[in-house]
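Visitor: I am new to this structure and should like to be guided through it. Might we proceed by question and answer?

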Amino acid sequence: MSWVTEEGGEAGASLGPCSAEGDEKQKASSSPHLGRRVQFLLPPVTIQRPPPQEEEKAFYQHVEHLLGATKGGFERLFAVGGWEDLLEEKCVRKQLVRGSQREGRRPQPGQEVTVKLLGVLEDGSLVEKDPQLTFVLGQGDVPQALELGVLSMQPGDVALILTRPAHAYGHVGRDPDIPQEAPLLYEVTLLRVQDTPDPALLPASERLSLGHRKRERGNFHFEREEYQPALHAYQLALRILPSPVTRGLGGEEKEEEEALWQLRVKCLNNCAATQLKLRLLEEALDSCNEATLLDPDNAEALYWKGKLLAELGEDQAATELLKRALRLEPATKAVHAELSRMARRQRGQLELGRDPLPGGLLGR
């Protein structure tokens with residue numbers, strides 16, 4: 001595995017948010033081989049792109065009609081009339097394609113919605129397609145433009161949502177299909193609106209799946225250096241997963257309970273990494289304390305707690321925790337780097353005649 005340090009570089013084993021997809025890529029790249037290369041000479045083959053389905057055809061026809069024969073692409077659509085502006089300065093715009101055939105209430109923040117979604121870039125590349133995308137409004141599960149659009153719709157409505165990059169995937173984009181600073185045009189059909197179920201009443205398998213999705217969303221924001229939304233996503237995941245107070249009260253099988261428990265520890269570590277980025281040091285230490293309470297030999301939790309204590313001047317306690325993490329995972333470069341950094345700092349303090357181990361600042 002590859003640990004991600006607070007500074008964002010790789011450091012041996014995984015510290016901080018990382019996705020299962022990344023682990024799979026690394027496994028593939030390090031797979032064994034026989035050391036021989038065989039070259040096959042094959043005739044060139046052209047792989048035809050599958051033809052668009054009927055709903056895609058209708059969508060593309062609508063886009064072509066909107067853009068017309070004039071130049072200007074999406075930029076022209078941000079200026080023309082016939083659109084409803086969902087934000088000031090025409091950053092997110094909506095055009096109703098087909099209204100609902102029945103009366104219905106607009107969804108409210110906190111409710112769960114299911115939509116059919118298509119989305120294209122300015123060059124016509126289809127980058128979003130989901131026949132049944134389910135998310136909770138107000139929890140940051142999807143780009144802000146989609147949330148704003150859905151909040152203005154009724155069940156059965158079909159609408160186009162045009163958004164500038166800041167309310168979609170911004171200056172980072174989404175690798176590999178959405179480039180940086182890309183405006184997007186969505187077609188959204190609101191299929192269903194319902195109250196969000198109480199996580200405590202969900203089966204363990206659904207809680208685990210939902211917790212993973214929230215954590216992955218947090219990882220998405222963390223990698224983009226969007227730390228406040230990342231922290232929000234991790235905290236939402238923690239609300240879904242059992243806490244030390246509720247452990248064993250949900251009637252889960254032992255294997256399911258262990259999986260929920262391990263995911264909670266991962267989310268706590270992710271919280272600590274993000275809180276450290278946001279300089280929420282006391283909150284980060286609380287996250288580390290709970291993680292080590294649940295799993296005393298979790299090297300990542302020990303690393304983050306040691307790093308936090310070092311920043312708060314608790315050098316002796318920090319060193320003990322980091323050395324313990326190193327004994328558990330000796331190959332972890334992040335721990336080696338943090339111990340080296342502390343040693344350099346202490347040498348500098350000694351040279352200046354300062355006490356290298358100031359008294360406890362936390363009183364814990």
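Guide: One definition is needed at the outset: a residue is buried under 20% relative accessible area, exposed over 50%, and partly exposed in between. The model before us is predicted.

Visitor: As which class does Arg279 count, and where does this residue lie?
Guide: Arg279 lies in the loop between H7 and H8. Its phi is near 65°, a positive value in a residue other than glycine.

Visitor: How many helices and strands does the protein chain have?
Guide: The protein chain comprises 364 residues, of which buried residues make up 45%. Among its contacts between residues at least 6 apart in sequence, 64% join residues at least 24 apart. The count of elements in the protein chain is 11 helices and 6 strands.

Visitor: In what order do the strands form the sheet, and which are the edge strands?
Guide: The 6 strands form an open sheet with antiparallel pairing. Their order is E1-E2-E5-E6-E3-E4. An edge strand pairs on one side only, and this applies to E1 and strand E4 (126-136).

Visitor: How many bridges join strand E3 to E6?
Guide: Strand E3 covers residues 111-120, and E3 and E6 run antiparallel. Within this pairing, Glu112 stands opposite Gln194 in E6. The number of bridges joining E3 to E6 is 10.

Visitor: Which residue in E6 stands opposite Ile161?
Guide: E5 and E6 run antiparallel and are joined by 6 bridges. In E6, the residue opposite Ile161 is Tyr186.

Visitor: Which residue in E4 stands opposite Gly119?
Guide: E3 and E4 are joined by 8 bridges and run antiparallel. In E4, the residue opposite Gly119 is Glu128.

Visitor: Which peptide bond is cis?
Guide: The proline concerned, Pro176, is placed in the loop between strand E5 (158-163) and strand E6 (184-195). The omega of the bond is near 5°. The cis peptide bond runs from Asp175 to Pro176.

Visitor: How many disulfides does the structure hold, and how far is the nearest cysteine sulfur from Cys267?
Guide: The structure holds 0 disulfides. Cys267 counts as buried, because its relative accessibility is 0%. A disulfide would require two cysteine sulfur atoms within 2.5 Å. For Cys267 the nearest cysteine sulfur is that of Cys271, at 7.0 Å.

Visitor: What is the distance from Cys288 to the nearest cysteine sulfur?
Guide: Cys288 is buried, with a relative accessible area of 0%. Cys288 is in no disulfide, and the nearest cysteine sulfur, that of Cys271, is away by 10.0 Å.

Visitor: Which elements have the lowest and the highest mean pLDDT?
Guide: The protein chain averages a pLDDT of 82, and 78% of the residues score at least 70. Among the elements, helix H1 (residues 20-29) has the lowest mean pLDDT, at 44. The highest mean, 97, belongs to helix H4 (residues 144-151).

Visitor: Over which residues does the pLDDT stay under 50 with 2 contacts beyond four places in sequence?
Guide: Where pLDDT is low, the predicted coordinates should not be read in detail. Over residues 354-364 the pLDDT is below 50, and this stretch has 24 contacts in the model beyond near neighbours in sequence. The stretch under 50 with 2 contacts beyond four places in sequence is residues 44-49.

How values were computed
Residues are numbered from 1 along each chain as its sequence is written. This is a predicted model: local features need pLDDT of at least 70, side-chain atom pairs count only at pLDDT 80 or more; totals for chains, interfaces and linings use all residues. Side-chain values use heavy atoms; hydrogens and water are left out. Helices (H or I, at least four residues) and strands (E, at least two) are DSSP runs, numbered from the N terminus. Two strands pair if DSSP finds at least two bridges between them. pLDDT is the predictor's confidence in each residue, from 0 to 100. Contact means heavy atoms within 4.5 Å. Buried means under 20% relative accessible area, exposed over 50%, partly exposed in between (1.4 Å probe, protein chains only).
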